[in-house]
Amino acid sequence: MKKITIIDGQGGRMGKAIIEQLKREFPQQPLLAIGTNSIATAAMLKAGADNGATGENPVIVAARTSDIIIGPIGIVIADSLFGEVTPAMAAAVGRSPACQVLMPVNRCNHHVVGCEDISMNEIISRVVAHVRELLA
């Protein structure tokens, strides 16, 4: 099994939705949830993540050991998610040898030019489809 880490912040709604869909499709696949705050971590654990942690150091450690990291594009941009992503977190994820599945969330003064304007549900469906390919 691959080590899949989901990183999210704010209220953890995006991470929660990803975990719910991944657990539906891959019920035996362990998922690690890392929140940039405790509310995000709790939401992802409630969604079915197998383990969870909160804060900068868990992001740094998981970035070294994960095979796949999933999260909003802000996890590789220092001070994003309204300041929840520290420079050390962004650098750790950016330098990680893991396959990074980044979701184009055009908020917090970051806009990814060329990305389609699609719903969060469609983005999450595409994330799950990509993870399916990575696990095959």
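In which loop is Q10 found? In this predicted model, Q10 belongs to the loop between β1 and α1. The phi angle of Q10 is near 50°, which is a positive value in a residue other than glycine. Q10 counts as partly exposed because its relative accessibility is 34%, and the partly exposed class lies between the buried limit of 20% and the exposed limit of 50%. A positive phi, near 55°, is also found for L81, again a residue other than glycine. L81 is placed in helix α4, residues 80-83. With a relative accessible area of 9%, L81 is buried.

The strands of the model were examined next. Strands of a sheet pair through backbone hydrogen bonds, either parallel or antiparallel. Here, five strands make up an open sheet in the order β3-β2-β1-β4-β5, and the pairing is parallel. The edges are formed by β3 (51-54) and β5 (99-103), each of which pairs on one side only. On average, neighbouring strands of this sheet are turned by 20° against each other, with direction ignored. Within the sheet, β1 pairs with strand β2 (residues 31-35) in the parallel sense over five bridges. In that pairing, I4 stands opposite L31 of β2. Strand β4 (residues 68-72) is likewise parallel to β5, and five bridges join β4 to β5. The bridge partner of I69 in β5 is Q100.

Strand β1 spans residues 4-8, and five of its five residues are buried, so β1 is largely enclosed by the rest of the structure. In a regular strand the side chains alternate between the two faces of the sheet. In β1, I4, I6 and D8 point one way, whereas T5 and I7 point the other way. The residues on both sides, D8 and T5 included, are buried. Helix α3 (residues 56-65) lies across β1, β2, β3 and β4. The helix runs at about 145° to β2.

A helix pair was also described. Two packed helices are described by the angle between their axes and the distance between the axes. Helix α1 (residues 13-25) packs with helix α6 (residues 120-135) at an angle of about 45°, and the two axes are 10 Å apart. That angle makes α1 oblique to α6, because angles under 35 degrees count as roughly parallel and those from 65 to 115 as roughly perpendicular. The crossing of the two helices, α1 and α6, is right-handed. On the α1 side, the contact involves M14, A17, I18, Q21, L22 and E25. These residues meet M120, I124, S125, V128, V131 and R132 in α6. By class, the residues of the contact of α1 with α6 are eight nonpolar, two polar and two charged.

M120 is found in helix α6. Its relative accessibility is 30%, so M120 counts as partly exposed. When its neighbours within four places in sequence are left aside, M120 is in contact with M14, M103 and V105. M120 and P27 are 93 residues apart in sequence, and the distance between them in space is 22 Å, C-alpha to C-alpha.

Technical notes: Residues are numbered from 1 along each chain as its sequence is written. This is a predicted model: local features need pLDDT of at least 70, side-chain atom pairs count only at pLDDT 80 or more; totals for chains, interfaces and linings use all residues. Side-chain values use heavy atoms; hydrogens and water are left out. Axes are lines fitted to C-alpha atoms, for helices over the stretch in contact, and angles run from 0 to 180 degrees between N-to-C directions. Helices (H or I, at least four residues) and strands (E, at least two) are DSSP runs, numbered from the N terminus. Angles under 35 degrees count as roughly parallel, over 145 as roughly antiparallel, 65 to 115 as roughly perpendicular and the rest as oblique. A crossing is left-handed if the near helix is turned anticlockwise from the far one by less than a right angle, and right-handed if clockwise. Contact means heavy atoms within 4.5 Å. Ala, Val, Leu, Ile, Met, Phe, Trp, Tyr, Cys and Pro count as nonpolar, Asp, Glu, Lys and Arg as charged, and the others, Gly among them, as polar. Buried means under 20% relative accessible area, exposed over 50%, partly exposed in between (1.4 Å probe, protein chains only). Two strands pair if DSSP finds at least two bridges between them.
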